[in-house]
Amino acid sequence: MLKAVFRKIDRVFLFLEEWALFAAVMVALFTAMANVILRKATNDYSLYWSDEVVRKVIFFSTYIGCIAAIRSRALIRIDALPQMLPVLKKPLTLFSHIAVLVFSAVMVYLGGQMTLMMYSDEYALTATLRLPEWIFYAVLPLMGVMMFVRTLIMIYEDWYGVNDITGGQ
Amino acid sequence: MGNGYLMIFALLLGCLASTMPVFMALFFTGTIGLVFMVGIDPQIVIEVLYRSMDKFALVVVMFFVLCGNIMTKGSIVEKLIKTANILVGFLPGGLAMAGVLACGFFGAISGSTVATVVAIGGFMIPALIENNYDEKFSVGVMTTAPILGVIIPPSIAMILYAMVSNDQLEALFLTGFIPGLIIIIAMSIYSWFVCRKMGMTRKKRPTLAETFAILKESFWALFLPVLIFGGIYSGLFTANEAAVVACFYAFFVEIVIHKDMKVRDIKNVVVSSAITSATLLVIVAGASVFGEYLTFEQIPGKIATVVVDNISSPWVFLLSVNLLLLFIGMFMDIISATLILTPIFLPLLSKFGIDTMHFGLLMTINLGIGYCTPPLGVSLYITGATVDRNIVYVSRAVMPFLLIQIAILLLLTFWPDIVLLLPKLVYGYGQ
């Protein structure tokens with residue numbers, strides 16, 4: 001039952017992460033390229049908002065990419081200790097998962113507070129696009145929630161020695 | 001230095017050793033330091049996480065990662081290897097030299113050692129063994145030559161160093177060309193001697209027509225580094241713009257010219273690149289939180305005072321730092337080490353009159369060597385898996401090549417003019 005729920009959540013998260021990352025990077029790529037072409041072609045005209053779009057995409061794709069990296073176990077870590085002492089591998093992996101859960105909780109709590117603060121400030125707008133800043137701050141608590149759930153799935157897989165929820169990716 | 005600072009550093013080391021993600025180790029220790037030792041509002045860490053990623057300069061990391069992935073997915077890498085092989089493959093030890101040269105070509109487009117080991121090493125080691133090269137020699141050369149990935153620009157480590165040190169990125173990139181060339185030449189000469197001693201048979205020298213045919217086939221692949229560096233150093237593009245243009249060019253070549261990538265592959269390449277780039281950039285965010293703590297407590301300045309009180313010669317300082325970085329490189333990846341250590345070393349450089357760009361290159365080479373330093377260098381495990389050999393075997397195989405690279409590192413340490421020649425010529429740096 002739990003496995004089926006986790007599998008469903010994993011598929012939904014995977015879909016959201018992949019398309020969100022793809023769309024964000026393509027927007028940044030095309031915006032930056034359009035700006036290069038315009039600057040070279042017209043010599044004096046450029047998209048004044050392109051810089052902000054690219055910066056916001058980097059912010060967004062970094063934190064959303066981190067959630068996807070939990071699934072593929074791609075976050076950079078120093079695994080010198082378990083390589084030297086393989087007996088420590090299991091307890092350290094569990095400790096590392098707990099650290100991710102704590103981090104996620106901190107993001108939900110502090111990031112959520114900051115988002116609400118920005119939401120209540122009608123003047124908190126981005127410099128050129130005049131978008132409400134809270135939209136971007138909300139990425140952090142969102143990341144916290146998704147990271148928390150993803151990590152629970154990874155703990156389940158590690159605990160039962162299975163990888164058929166994420167497909168071992 | 002107070003006990004509090006030492007506790008925070010001990011906590012950081014403990015967190016790093018515990019296998020928790022590096023950015024979280026930096027985040028937790030930085031946050032604990034800021035909240036419990038400096039006594040500031042914890043909301044500041046959210047602000048730091050937000051602002052640290054809100055930087056246009058980071059775009060260059062994301063797009064060069066994407067460019068490298070497009071090349072690996074398509075056939076640009078294969079064409080670069082073919083070109084290297086036709087140029088030097090007929091010499092004694094020629095295929096090994098071709099492997100080294102291919103790492104140089106790949107390094108001129110990608111910016112990562114691991115990507116170079118996987119892309120070139122994974123292809124060249126079986127090819128060398130198939131051509132009767134000694135397995136240990138083949139593993140040694142193709143584990144260590146990928147250091148060129150971070151030395152020959154564009155280099156992700158240099159991009160992040162420049163961000164912290166405020167050096168001009170385009171000028172910092174130039175510091176890598178001559179050292180990269182020296183490494184290619186030195187490793188090629190060693191390969192030549194070893195293969196002559198082994199009595200390896202030489203391959204037939206290709207005819208002019210064969211050479212021309214390969215160069216024609218690889219034209220579009222070879223034009224990519226020309227586009228990047230020609231664009232940057234002719235003043236046509238900034239480094240950020242060059243990264244964007246390179247991605248479009250690589251997509252165009254692989255999909256339209258080589259036809260080795262389908263439109264439906266684009267999504268996978270973009271998503272995997274976004275994830276790789278996220279794993280690198282999020283360390284910038286974690287390091288920014290930790291850096292905020294260092295700044296509040298003025299720790300780099302305090303460390304500088306302690307070091308200057310105990311070391312008077314810049315050469316002794318550089319030698320000590322080299323040893324320290326080689327040691328750290330054995331355990332820590334180049335991105336984390338660059339972001340954690342650069343703010344600590346920077347105040348020391350001005351005290352000893354050491355150029356920041358010279359130091360940036362030394363740091364990059366040092367930490368790059370760390371990728372193939374036993375017992376924990378990542379490259380050792382990648383090539384070990386390719387030939388199904390254990391770490392002891394691969395560690396022995398890389399030793400002669402590591403000695404060559406360390407000798408070159410020492411040469412560059414004590415002869416900064418080699419490193420700074422191109423920035424001086426092109427940008428009038430330091431004049």
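Since the model is predicted, local features need pLDDT of at least 70 and side-chain atom pairs count only at pLDDT 80 or more, while totals for chains, interfaces and linings use all residues. Residues are numbered from 1 along each chain as its sequence is written, chains are lettered from A and ligands numbered from 1 in the order in which they are written, and side-chain values use heavy atoms, with hydrogens and water left out.

## The two chains

Let's start with the helices. Helices here are DSSP runs of H or I with at least four residues, strands are runs of E with at least two, and both are numbered from the N terminus. Chain A has six helices and zero strands. Its radius of gyration is 20 Å, well over the 15 Å that the globule rule gives for 169 residues, so chain A is more spread out than a compact globule. (That radius is taken over C-alpha atoms, and the rule is 2.2 Å times the number of residues to the power 0.38.)

Chain B has 23 helices and, again, zero strands. With a radius of gyration of 22 Å, close to the 22 Å from the globule rule for 431 residues, chain B is as compact as a globular protein of that length.

Here are some values for each chain. Buried means under 20% relative accessible area, exposed means over 50%, and partly exposed is in between, using a 1.4 Å probe and protein chains only. Accessible areas come from the Shrake-Rupley method with a 1.4 Å probe, and for residues only the protein chains shown count as cover.

| Chain | Span of C-alpha trace | Buried residues | Accessible surface |
|---|---|---|---|
| Chain A | about 65 × 40 × 35 Å | 46% of 169 residues | about 8700 Å² |
| Chain B | about 70 × 50 × 50 Å | 61% of 431 residues | about 15800 Å² |

Carbon and sulfur atoms hold 69% of that surface in chain A and 66% in chain B. Now for contacts, which means heavy atoms within 4.5 Å. In chain A, 69% of the contacts between residues at least 6 apart in sequence join residues at least 24 apart. For chain B, residues 24 or more positions apart make up 78% of the contacts with a separation of 6 or more.

## A pocket with both chains in its lining

The second largest pocket has a volume of about 750 Å³. To find pockets, a 1 Å grid is laid over the protein atoms alone: a pocket is an open set of points with protein on both sides within 12 Å along at least five of seven lines, and lining residues have an atom within 4 Å of a point. Grid points are joined across faces, edges and corners, and the volume is the space filled by probe spheres set on the points.

Of its 27 lining residues, the closest to the centre are Leu13(B), Leu324(B), Ile328(B), Met332(B) and Leu341(B). The elements giving two or more residues to the lining are α3 (80-84) of chain A, plus α1 (3-17), α17 (299-310), α18 (314-331) and α19 (334-352) of chain B. The largest share, seven residues, comes from α18(B).

By class, the lining has 26 nonpolar, one polar and no charged residues. In this count Ala, Val, Leu, Ile, Met, Phe, Trp, Tyr, Cys and Pro are nonpolar, Asp, Glu, Lys and Arg are charged, and the others, Gly among them, are polar.

## Helix α10 of chain B

Eight of the ten residues of α10(B) (residues 156-165) are buried, so this helix is largely enclosed by the rest of the structure. Among those buried are Ile156(B), Tyr161(B) and Ser165(B). The buried residues pack against several helices of chain B, including α4 (59-73), α16 (265-297) and α20 (356-370).

Pro154(B) sits in the loop between α9 and α10 of chain B, and the peptide bond from Pro153(B) to Pro154(B) is cis, with omega near 0 degrees. Just after the helix, Asn166(B) takes a positive phi of about 65 degrees.

## Single residues worth a look

Glu17(A) is in helix α1 of chain A and is buried, with a relative accessible area of 2%. Its contacts, leaving aside neighbours within four places in sequence, include Ile64(A) and Arg150(A). Glu17(A) and Ile64(A) are 47 residues apart in sequence and 6.7 Å apart in space, C-alpha to C-alpha.

Two residues of chain B have a positive phi without being glycine: Thr19(B), near 70 degrees, and Asn132(B), about 65 degrees. Thr19(B) counts as buried at 7% relative accessibility, whereas Asn132(B) counts as exposed at 64%.

Technical notes. On a 1 Å grid over the protein atoms alone, a cavity is a set of points where a 1.4 Å probe fits but cannot get out, and a pocket is an open set with protein on both sides within 12 Å along at least five of seven lines; lining residues have an atom within 4 Å of a point.
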